[in-house]
Amino acid sequence: MTQFLIIYTHPYDRSFNHAELDRVTAKLTEQGDPYQVIDLYHDGFNPAYDAEELRLFHSGQTHDPLVTQYLTQLKAADAVIFITPIWWNDLPGMLKGFIDKVMKEGAGLTHVVTKTGVKGTLTNIQKTYVLTTSTSPTFYLRFFCGNAVKQVFIGATLKQLGMQHVRWSNFGGITNAPEEKRKAYLEKVGQMAF
């Protein structure tokens, strides 16, 4: 049985991202897989460093209880599902701040820094899914905007953290998508092999 951790990043509970969250949790429930949800906005997570948090970073410490909670959840997960919009061709600041503050350096945390670079220790996470929505069409993000999600978030950040077997699915052109296309995409999400 796989222990899933969903990292959800959207402030509006009537958004399409929230519909994705509902579909994913229904699918995991149907499969009998346990899951936890980190809802960054609902939790009131502060994505910004303060001076004390930054001072503690290299020792792997924090003064933010949510960071401690999130680290515990990450270390216990077998699979992670990110559900997030793409805003201005990149991840929202809230999710970027989650990576900045929660991914702590140090033995037994999320990564260590070696002479050859960052070595991820989140190898307990065997499967990673990134479900995004964007106003821009997916081809535009891929070929004209630098493909930040695939190249940086997936290809560098998640890889450096040790997360494995990453699958990305984006619903592009969400703003003008008709209802039948939205329903079809949610059905596709429901058919994904999590």
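Predicted model: local features only at pLDDT ≥ 70, side-chain atom pairs only at ≥ 80, totals over all residues.
Local features were considered at pLDDT of at least 70 and side-chain atom pairs only at pLDDT 80 or more, whereas totals for chains, interfaces and linings use all residues. Residues are numbered from 1 along each chain as its sequence is written, and side-chain values use heavy atoms, with hydrogens and water left out.

The chain contains seven helices and seven strands, where helices (H or I, at least four residues) and strands (E, at least two) are DSSP runs numbered from the N terminus. Starting at the N terminus, the order of elements is β-α-β-α-α-β-α-β-β-β-α-α-β-α. The C-alpha trace spans about 50 × 40 × 30 Å along its principal axes.

Of the 194 residues, 48% are buried (buried means under 20% relative accessible area, exposed over 50%, partly exposed in between; 1.4 Å probe, protein chains only). The accessible surface amounts to about 9700 Å², and carbon and sulfur atoms account for 54% of this area; areas come from the Shrake-Rupley method with a 1.4 Å probe, and for residues only the protein chains shown count as cover. Contacts (heavy atoms within 4.5 Å) between residues at least 6 apart in sequence join residues at least 24 apart in 78% of cases.

Two packed helices are described by the angle between their axes and the distance between the axes. For helix α1 (residues 16-31) and helix α7 (residues 179-191), the axes come within 9 Å and cross at roughly 35°. Axes are lines fitted to C-alpha atoms, for helices over the stretch in contact, with angles from 0 to 180 degrees between N-to-C directions. From α1, the residues F16, A19, E20, R23, V24 and K27 meet R182, Y185, L186, V189, G190 and Q191 of α7. By class, this contact comprises six nonpolar, two polar and four charged residues (Ala, Val, Leu, Ile, Met, Phe, Trp, Tyr, Cys and Pro count as nonpolar, Asp, Glu, Lys and Arg as charged, and the others, Gly among them, as polar).

W88 lies in the loop between β3 (79-86) and α4 (93-102) and is exposed, with a relative accessibility of 84%. N147 is located in the loop between α5 (138-144) and α6 (148-161); its relative accessible area is 9%, so N147 counts as buried.
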